[in-house]
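Please open the model in your viewer and keep a selection tool at hand. The stops below follow one another, each with something to select.

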Amino acid sequence: MLVLTLVMAAVGFALLVIALTTGSVVWAWGCIVVCVIGAVLLLVSSLRGNTAPDAAEPGAPPSGGRADASRESSDRRFDADD
């Protein structure tokens, strides 16, 4: 969806250039419409992106980063000392 938003921005920019070179208000309104559609797509994509991690399987482990790896290595170190 982000690619579609980028395409809409490029089309909006092209319409803006056409509107400025021809002096036509119709092209300017087309630019505004395309940019508003792109903004709505960006907003929808952003809102969907915030809810995507909640849709993960309930039993699945969290995607770990460096914090999880360091915690596991420290747990192993304490187990080895016992």
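This is a predicted model: local features need pLDDT of at least 70, side-chain atom pairs count only at pLDDT 80 or more; totals for chains, interfaces and linings use all residues.

Residues are numbered from 1 along each chain as its sequence is written, and side-chain values use heavy atoms, with hydrogens and water left out.

Next, select residues 2-22, which form helix 1, a run of 21 residues reaching 30 Å from first to last C-alpha, close to the 30 Å expected at 1.5 Å a residue (the expected span being 1.5 Å times one less than the number of residues). Within helix 1, colour the buried residues Thr5, Met8, Gly12, Leu15 and Ala19; they lie on the same side of helix 1, because they cover an arc of only 80 degrees around the axis (taken from the directions from the helix axis to the C-beta atoms). Buried means under 20% relative accessible area and exposed over 50%, with partly exposed in between, using a 1.4 Å probe and protein chains only. Turn to the face away from this buried side, and the exposed residues Val3, Leu6, Phe13 and Thr21 come into view. Just after helix 1, select Gly23, whose phi is positive, at about 75 degrees.

Finally, show the side chains of Met8, Leu15, Cys31, Val34 and Leu41, the 5 residues of the largest nonpolar core (a set of buried Ala, Val, Leu, Ile, Met, Phe, Trp, Tyr and Cys residues joined through side-chain atoms within 4.5 Å). Helix 2 (25-51) and helix 1 each supply at least two residues of this core.

Note on methods
Helices (H or I, at least four residues) and strands (E, at least two) are DSSP runs, numbered from the N terminus.
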